[in-house]
Amino acid sequence: MGTELARRGVPTPLPLWSAAAIRDAPDVLAAIHREYAAAGATVHTANTFRASPWALDAAGLRGQAPTLIRAAVAITRASVPGSHRVAGSIAPLRDCYRPDLSPPPDVAAPAHRQTATLLADAGVDLILCETFPHVGEALIALRAALQTALPVWVSFTAGPDGDLLDREQIGAAGRKAVQEGAAAVLVNCVRPGRLLELLPALAGLGVPVGGYCNVGVPCSVHGWRTEGVDDPEPFAQLVLAHVAAGARIVGGCCGTTPAHIEAAAALLSTRTTGPA
């Protein structure tokens with residue numbers, strides 16, 4: 001969502017990043033959700049990645065999280081078919097690529113619990129704890145989200161260079177997440193090839209696993225950027241490879257567009273329903 005907003009000319013200034021669009025560009029936000037639904041997506045993540053009380057307080061918008069989270073979820077819900085699921089996003093409190101900055105548990109736990117409660121109150125169908133490079137904080141967010149009684153998916157990241165978590169760490173993190181009650185375990189915000197390398201570590205967890213990768217290049221300001229719309233066909237082929245590697249939940253992260261999802265959905269549909 002963040003890179004797609006930027007690609008359409010919507011400012012995504014730090015520290016609000018994509019959350020600024022909830023207030024400043026709701027029509028564009030709604031259009032993006034509609035286009036992803038038309039492209040074949042069936043699980044839609046509301047634009048709450050940086051709309052937590054922690055993030056908004058740090059941006060000088062104290063007390064605005066309930067309003068912005070409700071608005072983000074309502075925009076998503078109104079823009080996609082009623083049969084589709086809306087996920088509420090919970091992000092790391094600090095930098096997604098700096099696990100060393102993760103706050104201590106006594107800070108992280110109440111902060112994530114507050115966000116999870118707001119997402120549940122806003123009416124999401126599930127909570128997605130995503131882009132966590134710090135396993136401990138991811139599990140804290142998972143526990144907080146589980147208190148809402150909603151299904152919770154957890155997604156870890158190895159970062160733009162793929163070196164923040166290795167296969168062994170991803171596998172161990174996935175096992176811990178399932179033991180805690182995660183309904184699905186994913187990897188996101190990595191290069192497509194790195195996702196393909198990490199997926200086998202999630203085999204045998206007993207819950208759906210998968211991932212959603214980036215296209216484009218790393219960016220020192222926003223973490224990732226794309227130059228125009230990359231050819232979606234190579235991405236679609238990689239999604240097929242992710243499915244062959246065991247993924248049952250697939251999608252797109254930074255730099256991907258509705259065109260990427262459309263190409264992947266079409267190819268998956270052909271491989272699933274067409275001749276062997």
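In the predicted model, strand β3 (residues 126–132) and strand β4 (residues 152–156) pair in the parallel sense over four bridges, where pairing requires at least two DSSP bridges between the strands. Within this pair, I127 lies opposite V152 of β4. Strands (E, at least two residues) and helices (H or I, at least four) are DSSP runs, numbered from the N terminus. Residue numbers start from 1 along each chain as its sequence is written. Local features need pLDDT of at least 70, side-chain atom pairs count only at pLDDT 80 or more, and totals for chains, interfaces and linings use all residues, while side-chain values use heavy atoms, with hydrogens and water left out.

The open sheet comprises seven strands in the order β1-β2-β3-β4-β5-β6-β9, with parallel pairing. On average, neighbouring strands are turned by 25° against each other, direction ignored. Helix α6 (residues 105–122) packs on this sheet, touching β2 (85–90) and β3, and its direction makes about 160° with that of β2. Axes are lines fitted to C-alpha atoms, for helices over the stretch in contact, and angles run from 0 to 180 degrees between N-to-C directions; contact denotes heavy atoms within 4.5 Å.

Helix α7 (residues 135–146) packs against α6 at an angle of about 40°, with the axes 8 Å apart. The two helices are therefore oblique to each other, the class left after angles under 35 degrees (roughly parallel), over 145 (roughly antiparallel) and 65 to 115 (roughly perpendicular). The contact involves P105, A108, A109, H112, R113 and A116 of α6, together with E137, I140, A141, A144 and A145 of α7.
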